[in-house]
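Hi everyone, thanks for coming.

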Amino acid sequence: QILPSRDRAGRLILCHQGHTATSSPRVNIQVVLYLWTVLSEDIETQKHGFTIIFSAGESLLQDREHLSEIMAAANEGIPLRTSAVHIALPNTPVF
């Protein structure tokens, strides 16, 4: 979801809490593309980029190489400038 407030630099904040098991990959991709479209319509976001807060679940953290591939592919394919990425980790140890 796109948060209603901006960060200190005036960038919009996109909060991504991971995909749910009940939705299909197609629906997940549609949601992400819709959010990118909404972000790209903002003039300030076009100039300064946006901030993303990504909540990584335990299952995704088990496969760290897959996570880095997803982040690299998203960074190459996104039509916007990602200014900051914050990854929220679960409180339980993964190792």
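Let's start with Asp 42, which is buried, with a relative accessible area of 19%. Buried here means under 20% relative accessible area, exposed means over 50%, and partly exposed is in between, using a 1.4 Å probe and protein chains only. Before I go on, a word on the source: this is a predicted model, where local features need pLDDT of at least 70, side-chain atom pairs count only at pLDDT 80 or more, and totals for chains, interfaces and linings use all residues. Residues are numbered from 1 along each chain as its sequence is written, and side-chain values use heavy atoms, with hydrogens and water left out.

And the confidence? pLDDT is the predictor's confidence in each residue, from 0 to 100. The chain has a mean pLDDT of 77, with 69% of its residues at 70 or more. When I say helix or strand, I mean DSSP runs numbered from the N terminus: H or I with at least four residues for helices, E with at least two for strands.

Back to Asp 42, then. You'll find Asp 42 in the loop between helix 1 and helix 2. What does the side chain of Asp 42 meet in a salt bridge? That's Arg 6, at 3.2 Å, N to O. For a salt bridge we need a side-chain nitrogen of Lys or Arg within 4 Å of a carboxyl oxygen of Asp or Glu. Arg 6 sits in strand 1, so this pair ties together parts that are 36 residues apart in sequence. Arg 6 itself is partly exposed, with a relative accessible area of 36%. The structure holds two salt bridges, and Asp 7 with Arg 11 form one of them, with their closest N and O atoms 2.8 Å apart.

Asp 42 also has a polar contact, side chain to side chain, with Thr 45 at 2.7 Å. That term means a pair of N or O atoms within 3.5 Å; within protein, one must be able to donate a hydrogen and the other to accept it, and residues adjacent in sequence count only if both atoms are side-chain atoms. Thr 45 is in helix 2, residues 43–48, and is buried at a relative accessible area of 1%. Leaving out residues up to four places away in sequence, Thr 45 touches Arg 6, Leu 12, Leu 39, Phe 50 and Leu 80; touching, or contact, means heavy atoms within 4.5 Å.

Some of those names come back in the largest nonpolar core, which has nine residues: Leu 12, Leu 14, Leu 35, Trp 36, Leu 39, Phe 50, Ile 52, Ile 78 and Leu 80. Such a core is a set of buried Ala, Val, Leu, Ile, Met, Phe, Trp, Tyr and Cys residues joined through side-chain atoms within 4.5 Å. Helix 1 gives the largest share, three residues.

Last stop, strand 2. Five of its five residues are buried. Strand 2 runs antiparallel to strand 1, with two bridges joining them, and pairs with strand 3 in the parallel sense over five bridges. Pairing takes at least two bridges found by DSSP. Leu 14 stands opposite Ile 52 in strand 3, while Ile 2 stands opposite Leu 14 in strand 2.

That's it from me; over to you.
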